[in-house]
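Here are some notes for anyone opening this structure for the first time. Keep the 3D view at hand and follow along point by point.

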Amino acid sequence: MLLAVAYLLQAVGVVLSVVWPTIAGFALGSLLLGMPFTAITLFAMRDARRLRGNAAAGLIGYATASYGVGQILGPLFAAPLAQRTGSFVVPLLVAAAILAVGAALFAYVWWRSRTPHVPSKP
């Protein structure tokens, strides 16, 4: 659940830079975006070990690769969208929405891992 909260903090940080475009808004948004980054790495590795045990290295590798793909695709998506709209508001809101979806998915995985599995009858 901490992973979902960290993602949500990042989403709020991105939205703050859009809805409060001042020095204070950018400073607080930057803190909310940057501070959870190390925690996300820690929580993701911990959860990978919890979910996969000794086979966590593969899952951590997939997570690292998907992060890298996001770092490449994000600017390729955001730059043309910013050019088309004349500002970075829409790309930033899309980024915040993607972070919020990620938070929801992590919360769902956390919830599923806490819910007892009842096998279905044939």
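The points below go from the overall layout to the helix pairs and then to the pocket.

1. First, a word on what you're looking at: this is a predicted model. Taken along the principal axes, the C-alpha atoms fill a box of roughly 55 × 30 × 25 Å.

2. If you want to find the helices on the sequence, here are their ranges: α1 is 2-19, α2 is 23-34, α3 is 36-52, α4 is 56-85 and α5 is 89-114.

3. Now for the pairs. A general point to start with: two packed helices are described by the angle between their axes and the distance between the axes. Take α1 and α2, whose axes come within 7 Å and cross at roughly 160°. An angle over 145 degrees counts as roughly antiparallel, and α1 and α2 are therefore roughly antiparallel to each other. The crossing of α1 past α2 is left-handed.

4. Which residues make that contact between α1 and α2? On the α1 side, look for Leu9, Gln10, Val12, Gly13, Val14, Leu16 and Ser17. They meet Gly25, Phe26, Leu28, Gly29, Leu32 and Leu33 in α2. By class, this contact of α1 with α2 has eight nonpolar residues, five polar and no charged.

5. α1 also packs on α3, at an angle of about 155° and with the axes 9 Å apart. That makes α1 roughly antiparallel to α3. Here, too, α1 passes α3 in a left-handed crossing. From α1 come Leu2, Leu3, Ala6, Tyr7, Leu9 and Gln10, which meet Pro36, Phe37, Ile40, Phe43, Ala44, Arg46 and Asp47 in α3. The contact of α1 with α3 divides into 10 nonpolar residues, one polar and two charged.

6. The pair α4 and α5 packs at about 140°, with axes 7 Å apart. That makes α4 oblique to α5. Phe77, Ala78, Leu81, Ala82 and Thr85 of α4 make the contact with Val90, Pro91 and Val94 of α5. Of the residues in the contact of α4 with α5, seven are nonpolar, one is polar and none is charged.

7. Last, the largest pocket, which holds about 1600 Å³ of space. How many residues line the largest pocket, and which lie nearest its centre? The lining has 42 residues, and Tyr7, Ser66, Tyr67, Gln71 and Leu99 are the ones nearest the centre.

8. Where does the lining come from? Each of α1, α2, α3, α4 and α5 supplies at least two residues. The largest share is that of α4, with 14 residues. Sorted by class, the lining of the largest pocket has 31 nonpolar, nine polar and two charged residues.

Note on methods: Residues are numbered from 1 along each chain as its sequence is written. This is a predicted model: local features need pLDDT of at least 70, side-chain atom pairs count only at pLDDT 80 or more; totals for chains, interfaces and linings use all residues. Side-chain values use heavy atoms; hydrogens and water are left out. On a 1 Å grid over the protein atoms alone, a cavity is a set of points where a 1.4 Å probe fits but cannot get out, and a pocket is an open set with protein on both sides within 12 Å along at least five of seven lines; lining residues have an atom within 4 Å of a point. Grid points are joined across faces, edges and corners, and a volume is the space filled by probe spheres set on the points. Helices (H or I, at least four residues) and strands (E, at least two) are DSSP runs, numbered from the N terminus. Ala, Val, Leu, Ile, Met, Phe, Trp, Tyr, Cys and Pro count as nonpolar, Asp, Glu, Lys and Arg as charged, and the others, Gly among them, as polar. Axes are lines fitted to C-alpha atoms, for helices over the stretch in contact, and angles run from 0 to 180 degrees between N-to-C directions. Angles under 35 degrees count as roughly parallel, over 145 as roughly antiparallel, 65 to 115 as roughly perpendicular and the rest as oblique. A crossing is left-handed if the near helix is turned anticlockwise from the far one by less than a right angle, and right-handed if clockwise. Contact means heavy atoms within 4.5 Å.
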